Amino acid sequence: MFTSKGLFLEVVCPYQSTCTLPKCLFQHPETLAQEVPKAINGDEVNLGDGDRPAKRQKVEDGGPTRNAAKPFSFGSEAGAPNRGNVKSLQTPRGDATVQQRHLNTDRPISPPPLRRKGHLSTAVPDGVTPQKPSLLAPTSASPHPPIVKESPIKAPLKQESLIPRSLKGTVPNTYAIRYKLIQLLHEQFTRLNSELKSDANDKEEKLLLSDQELIKKTLDLEEDAAGTPSIYSNIVKGKIGVYRKMTVPQWKDERAREIAASNAANAGKSTSVAKPQGPPIIVETGLTTEEELQILPRLFSPLAGLEKHGYITTVPTDSDIELARKGIEAAKGWEVCDRCKSRFQVFPGRREGDGALASGGACTYHYGKPYLSDRSASDPRAKREKRYTCCKQLLADSSGCTEAKCHVFKISEVKRMASVMNFEATPDNPERTSAQPVCIDGEMGYTVYGLELIRLTATSWPGGEELFDVLVRPCGEILDTNFRFSGISQKDIAEAIPWDAPPDPLTSPRPPLPRVEPNPEFPETSSLTKRKLRKVPSPAAARSLLFSYLSPQTPLIGHGLENDMNAVRIIHPTIIDTALLFPHKHGLPYRNALKTLMLEHLNKHVQVVVDGQMVGHDSMEDANAAGELVRFQLAKTWTAMQAVGWTFEEGMLKRPVANVPAHPGLRAGKKRTQDEVELEDGELDG
């Protein structure tokens with residue numbers, strides 16, 4: 001290191017008596033005053049450890065030389081300081097440390113700095129041995145400062161200006177154009193918010209936005225549009241046009257939906273049950289069932305291009321199935337756990353010797369999904385952390401909060417699913433000539449063949465009457481019935497009455513739900529109620545039962561239908577998937593949850609979670625919930641059709657007369673309306 005030049009010798013050491021540095025650069029007046037009492041009244045200073053005698057002073061003309069050592073003193077009794085320099089002074093530090101220090105005694109040594117009230121005192125009482133402090137940081141009164149819990153207040157919004165945000169990816173347009181579009185969009189938001197504020201009542205006060213919230217809403221919308229640079233300008237200009245034409249009542253509805261969606265998202269992060277904002281919404285279309293069926297085709301979900309998102313449209317061939325079976329034989333049962341991502345081995349038919357179904361022992365995992373926690377109230381700029389919804393732990397802090405008896409896996413490859421049971425297209429059904437829709441929902445459990453169907457429910461639409469609700473014995477031995485979400489235990493399947501047994505008052509018709517015994521694995525579900533269900537012997541039998549209510553023209557309604565259809569191994573051409581009917585703002589593969597859609601649009605709770613457990617989760621409830629969402633969307637569609645002149649006459653849907661030209665050349669050179677395009681393409685029948 002560098003040689004000390006003594007520049008800090010006149011500065012008192014900030015650690016003073018607690019300093020442990022062997023060669024401190026600062027001054028220690030108290031230590032020197034205690035360690036050199038002999039130098040105060042003597043002519044010589046010798047504080048060395050050896051027996052070497054001190055040098056004699058060189059005397060010229062009867063007096064000491066200029067550099068002769070003078071007695072060391074902080075000041076004489078008369079108040080005059082002693083003159084002279086102490087050239088070398090050896091002071092023991094600790095037990096065996098000797099250091100040299102150059103001091104200037106021409107003037108009094110500075111007193112120690114005054115301690116402020118806010119500083120922690122390091123003074124040690126007499127008779128108490130001080131603890132050795134750290135060489136890297138000053139000591140404090142408490143090595144572990146008390147943890148102050150943050151108050152549960154709403155984190156303030158980040159202060160932003162009305163300028164385009166910086167983007168990580170491709171910039172969709174020039175800064176000037178982005179700035180102009182943001183200004184126009186913010187102008188419409190401000191107008192609608194001001195008009196609402198002028199006549200808002202007490203209940204509508206919560207719909208108002210602050211100035212910073214208006215800026216955030218504008219920048220969020222513009223940033224979302226920037227995700228698709230090719231159509232960025234069209235998206236933002238379209239939004240500006242929509243809000244320019246929007247009325248205050250429409251703005252109220254939009255704000256109410258935004259608040260409901262935010263509450264639903266927060267309810268998904270918390271284990272407590274959020275109360276719906278108001279009474280449930282009862283959907284009234286004003287139409288008969290026959291009239292609703294005529295509008296329903298407008299809501300059909302096209303399957304073109306959805307193969308990459310899990311929708312199966314063609315039956316796998318025998319060669320594909322044979323290739324999958326060879327791969328399974330080569331893998332020798334090794335799989336990757338769907339929960340903890342560990343590798344383990346499964347043994348269909350049980351392993352010889354101990355009868356085990358899987359290796360690897362117990363599985364520790366998180367059953368919840370990661371989410372971004374709220375910003376800190378004390379530091380809004382702090383980075384948001386990812387936590388699990390099940391236990392609120394950080395992603396990197398815990399390997400799991402739940403333990404299962406064994407590892408499980410699922411398969412998504414079509415040909416491998418077909419190797420267990422092949423797909424089958426919906427056959428023609430002469431007995432099923434009407435287009436009455438069917439709502440379905442299935443529950444799955446883990447077996448040695450992956451995720452298999454263990455319950456299937458079908459209801460009618462729009463009434464919601466039960467068609468059938470059965471348990472299904474899977475093809476493979478059960479590893480885990482996924483009771484937390486399916487609500488089905490192995491005991492339920494083992495003790496269920498066969499489907500072809502004589503009718504029982506507990507199973508047909510659907511009676512009031514009796515109480516069930518608490519499940520020993522999940523005692524929190526002791527308040528659950530369900531009825532005894534019948535069972536079918538295989539997934540193929542469940543598929544045949546479903547086919548008896550379907551024809552290729554029968555609309556099949558559900559949420560995330562690709563999962564249910566793949567579990568039943570069917571290919572159906574006519575579907576209405578509410579996950580596609582109410583698309584996620586980021587598009588596929590992202591999907592809105594069923595409970596989020598129900599809370600946002602109908603103000604109803606399904607799949608309620610309390611302390612991490614599903615309360616009242618029922619496939620019958622989920623099937624009918626999807627049907628209610630379809631009716632809600634149908635009512636909105638019919639309202640829009642009425643606005644352009646569509647009517648029903650004698651139970652038949654009639655197209656708008658004003659949009660039909662009296663002569664083929666009457667509208668020559670004019671742009672056709674969307675309704676005219678759909679009529680000419682045969683999408684709407686008059």
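Strand β14 pairs with strand β20 (residues 556–558) in the parallel sense, over two bridges. Here Val438 stands opposite Leu556 of β20. The model is a predicted one. β14 also pairs with strand β15 (residues 450–460), in the antiparallel sense and over ten bridges. A hairpin of two residues connects β14 to β15. Within β15, Ser460 is the bridge partner of Val438. Strand β17 (residues 478–480) runs antiparallel to β14 and is joined to it by two bridges. In that pairing, Tyr446 has Asp480 of β17 as its bridge partner.

β14 spans residues 438–447 and is mostly covered, with ten of its ten residues buried. In a regular strand, side chains alternate between the two faces of the sheet. Val438, Ile440, Gly442, Met444 and Tyr446 point one way from β14. Cys439, Asp441, Glu443, Gly445 and Thr447 point the other way. Both sets are buried.

The largest nonpolar core holds 29 residues, of which Val630 and Trp638 touch the most other members. Helices α15 (594–602) and α16 (619–643) are the elements that give two or more residues to this core. The largest share, ten residues, comes from α16. Another core, of 25 residues, lies apart from it and includes Leu303, Val536, Leu545 and Ile575. Beyond four places in sequence, Val630 touches Leu296, Leu299, Trp461, Ile557, Ile576, Thr578 and Leu581.

Thr637 lies in helix α16. Its relative accessible area is 14%, under the 20% cut-off, so Thr637 is buried. The Thr637 side chain reaches the backbone oxygen of Gln633 at 2.9 Å. Leaving aside neighbours within four places in sequence, Thr637 contacts Ile295, Arg298 and Leu299.

How values were computed: Residues numbered from 1 in each chain as written. Predicted model: local features only at pLDDT ≥ 70, side-chain atom pairs only at ≥ 80, totals over all residues. Heavy atoms only, no water. Core = buried A, V, L, I, M, F, W, Y, C linked by side-chain atoms within 4.5 Å. Buried < 20%, exposed > 50% of the residue type's maximum accessible area, 1.4 Å probe, protein only. Helix = DSSP H or I, 4+ residues; strand = E, 2+ residues; numbered from the N terminus. Contact = heavy atoms within 4.5 Å. Polar contact = N/O pair within 3.5 Å; in protein donor to acceptor, adjacent residues only side chain to side chain. Pairing = 2+ DSSP bridges.
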